[in-house]
Amino acid sequence: MRLATWNVNSLAVRLPQLLDWLAANPVDAIVLQETKLTDDKFPTLEIGAAGYQVQWFGQKTYNGVALLSKQPAQDVVKNIVGYADEQARVIAGTVAGVRVIGAYFPNGQAPDSEKFVYKMGWLDGLRAWMAEELKAHEKVVLMGDFNIAPEDRDVYDPVAWAGQIHCTPQERAHFQGLLELGFVDAFRLFEQPEKSWSWWDYRNLAFRKNQGLRIDHILVSPALKGEVEACVIDKLPRKNERPSDHAPVVVTLR
DNA sequence: ATGACCCTCGAAGAGGGA
């Protein structure tokens with residue numbers, strides 16, 4: 001089984017790239033972030049024609065998530081159970097016996113901002129919900145754009161980014177909190193190239209200079225840890241014309 | 001260099017992203 005996550009930064013713009021990518025990478029399921037579409041504008045026909053069932057949850061202009069799967073998703077949930085949220089950031093469903101949770105974590109803007117306060121509250125809500133999901137399901141995969149670089153090795157310039165958004169101790173503590181629930185960072189189960197990032201700024205020729213952050217993650221529950229055969233970041237779509245600033249992350253389960 | 005890019009909304013330039 002192969003699962004993927006990709007922040008597409010506008011599905012309206014990136015739909016052709018998504019369809020191309022799925023044709024080349026026929027994963028069993030993929031979660032998308034930043035679709036930036038209201039539900040009435042979601043391209044269900046094109047995705048269906050590509051052979052995927054789809055669940056979607058959007059809003060105007062910002063955020064928006066989707067879960068595409070070859071097998072239909074069961075018990076679909078939108079947003080964090082027990083945390084009231086105006087923003088469309090989470091979609092979950094059970095696909096072929098695996099609880100798949102796709103999430104677009106808040107950016108947080110700056111550590112002294114209101115948006116950071118919102119991010120912390122959202123992370124508290126997520127942790128409480130994930131504790132319940134891990135009790136309810138053996139096989140759980142939490143993946144998406146976490147907007148957290150867990151360690152200095154996930155940052156191209158950790159000195160410049162020290163204490164900045166995505167790298168604050170508070171955000172990193174929340175990431176650790178998810179690991180303390182039992183989740184495992186699938187990417188770090190394997191030897192990986194140095195300077196592996198999942199996001200590169202559009203500015204400053206950042207991709208060409210490989211200046212980025214690893215902020216898109218796939219966490220698996222304890223029961224799945226031994227099933228993980230591979231986890232890779234696919235940089236290829238970042239080389240497209242008009243790319244998303246994020247690359248897909250893919251996990252292969254036995 | 002308190003910048004640089006891209007997307008949305010909407011018809012210019014601001015807000016958000018990270």
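1. A residue counts as near a molecule or strand if one of its heavy atoms lies within 4 Å of it. Of the atoms of DNA strand B within 4 Å of the protein, 66% are sugar or phosphate atoms, the rest belonging to bases. The model is predicted, with local features requiring pLDDT of at least 70 and side-chain atom pairs pLDDT 80 or more, while totals for chains, interfaces and linings use all residues. Residues are numbered from 1 along each chain as its sequence is written, and side-chain values use heavy atoms, leaving out hydrogens and water.

2. Around DNA strand B there are 24 residues, of which Ser10, Arg14, Asn107, His166 and Trp199 come nearest. By class, this surface comprises seven nonpolar, nine polar and eight charged residues (Ala, Val, Leu, Ile, Met, Phe, Trp, Tyr, Cys and Pro count as nonpolar, Asp, Glu, Lys and Arg as charged, and the others, Gly among them, as polar).

3. Polar side-chain atoms approach phosphate oxygens of DNA strand B at 3.4 Å from asparagine 7 and at 3.3 Å from aspartate 145.

4. Helix 3 (residues 114-136) packs against helix 5 (residues 169-180) at an angle of about 10°, the axes being 10 Å apart. The two helices, helix 3 and helix 5, are therefore roughly parallel, a term used for angles under 35 degrees. The residues of their contact divide into six nonpolar, three polar and four charged, where contact means heavy atoms within 4.5 Å.

Methods
Chains lettered and ligands numbered in written order. Polar contact = N/O pair within 3.5 Å; in protein donor to acceptor, adjacent residues only side chain to side chain. Axes fitted to C-alpha atoms, helices over the stretch in contact; angles between N-to-C directions. Helix = DSSP H or I, 4+ residues; strand = E, 2+ residues; numbered from the N terminus. Parallel < 35°, antiparallel > 145°, perpendicular 65-115°, else oblique.
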